[in-house]
Amino acid sequence: GLKNFAILAPRDRFGEEYGMGFWNAVEEFGGTVTAFEDYEPGETDFRKPIDRLAGLFYPDARKRELDELAASRARDEIKKRSRKTEKYFALPPIVDFDAVFIPDEPKEASLAIPTFAYRDVDSVQILGITGWNSPEFIQRSGRSAEGAVFMDAYLPSSTQSSVRDFSKQFRGTFGLEPGSIEAVSFDAAAVLSRIVASESGAQGIDRMAVASRIRQLSDTKGVTGSISVRDGSWSRELQAVTIRNSEFTAWDARSPRPARPATSAD
């Protein structure tokens, strides 16, 4: 049901490729990108780029609204700016997008997301990338990322026995929760191990036979779902993942989007 989108991306090759790829996909499905703002890689203060997205960075361009606010203050004899009178001084954000896509790693994204609520842009859907599928993102973003959605092949909360067994063994071995990268790596190693074992013989391992078997992979089950190799590239079935109650879970379009807690200016 989302139609209009904004993109907030780092000013580097990573952000450009993800941002333009997302833009192309939006237009392919009949949507519109209403704003694209970038920022320096490693940014820690996202007020300026978010203000530019929401029409707050150039107040002179909204002179008519500023004049109306001044007239309201004069009419109601409001002279002092305070929390109660803030609405008579500050321009409201112009939010002409339903969702914002943030293609950046957990550290930067976890700083950007709460800034939207801080700047009163708290009613938009947050969209991200597979890199968010890590305990680090939950830890850094806290409740501000509730309802965020991204795509991935690995869902830690899956009820599938293979996923539960993998998570249990990983925690027992490393004392950490596995993320998407760990799951993909595990599947790749497991597939290769099985193929090598099956191609081993008295004369050793036939490298060409192993390569041929890899190229022929089709619907092989792993902790990241069904794996195939198509046109020389690994292919997996992706699913939409969201965050509810600080846990990753499968996204359901029928469920209402949880409200992210407002961030106080204090």
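**Close-up views of a predicted model**

At 24% relative accessibility, tryptophan 23 counts as partly exposed. Keep in mind throughout that this is a predicted model.

**View 1. Tryptophan 23 and phenylalanine 36 make a tilted aromatic pair.** The structure holds 12 aromatic pairs, and here is one of them. The ring centres of tryptophan 23 and phenylalanine 36 sit 6.0 Å apart with their planes at 35°, so the pair is called tilted. Tryptophan 23 belongs to helix H1 (residues 13-28) and phenylalanine 36 to strand S2 (residues 32-39), so the pair ties together parts that are 13 residues apart in sequence. What about the exposure of phenylalanine 36? Its relative accessible area is 27%, so phenylalanine 36 is partly exposed.

**View 2. Tryptophan 132 and phenylalanine 137 form a stacked pair.** Here the rings are 4.6 Å apart, centre to centre, with 20° between the planes. Is tryptophan 132 buried or exposed? Its relative accessibility is 0%, so tryptophan 132 counts as buried. Phenylalanine 137 also comes out at 0%, and so it is buried too.

**View 3. Five aromatic residues gather in one cluster.** To find this one, look for Tyr154, Phe166, Phe170, Phe174 and Phe186, which together form the aromatic cluster.

**View 4. Helix H7 crosses helix H8.** H7 covers residues 180-199 and H8 covers residues 207-215. Their axes come within 10 Å and cross at roughly 135°, which makes H7 oblique to H8. The crossing is right-handed. On the H7 side, the contact is made by Leu192, Ile195, Val196, Ser198 and Glu199. H8 brings in Ala209, Val210, Arg213 and Ile214. Sorted by class, the contact of H7 with H8 has six nonpolar residues, one polar residue and two charged ones.

**View 5. Glutamate 77 has a positive phi.** Its phi is near 55°, and this is a residue other than glycine. Where does glutamate 77 sit? You'll find glutamate 77 in the loop between H3 and S3. With a relative accessibility of 68%, glutamate 77 counts as exposed.

**View 6. Lysine 87 sits in the loop between helix H3 and strand S3.** Helix H3 covers residues 63-75 and strand S3 covers 99-101. Lysine 87 has a relative accessible area of 60%, so it is exposed. How far is lysine 87 from phenylalanine 22? In sequence they are 65 residues apart, and in space 35 Å, going from C-alpha to C-alpha.

**View 7. Serine 246 also has a positive phi.** The phi value of serine 246 is near 60°, again in a residue other than glycine. This serine lies in the loop between strand S11 (239-244) and strand S12 (247-250). At 30% relative accessibility, serine 246 is partly exposed.

View 8. Proline 59 is in the loop between helix H2 (47-53) and H3. Proline 59 and glutamate 28 are 31 residues apart in sequence and 34 Å apart in space, C-alpha to C-alpha.

Methods: Residues numbered from 1 in each chain as written. Predicted model: local features only at pLDDT ≥ 70, side-chain atom pairs only at ≥ 80, totals over all residues. Heavy atoms only, no water. Helix = DSSP H or I, 4+ residues; strand = E, 2+ residues; numbered from the N terminus. Buried < 20%, exposed > 50% of the residue type's maximum accessible area, 1.4 Å probe, protein only. Phe/Tyr/Trp six-rings, centres within 6.5 Å; stacked < 30°, edge-to-face > 60°. Axes fitted to C-alpha atoms, helices over the stretch in contact; angles between N-to-C directions. Parallel < 35°, antiparallel > 145°, perpendicular 65-115°, else oblique. Left-handed = near helix turned anticlockwise from the far one by under 90°. Contact = heavy atoms within 4.5 Å. Nonpolar A, V, L, I, M, F, W, Y, C, P; charged D, E, K, R; others polar.
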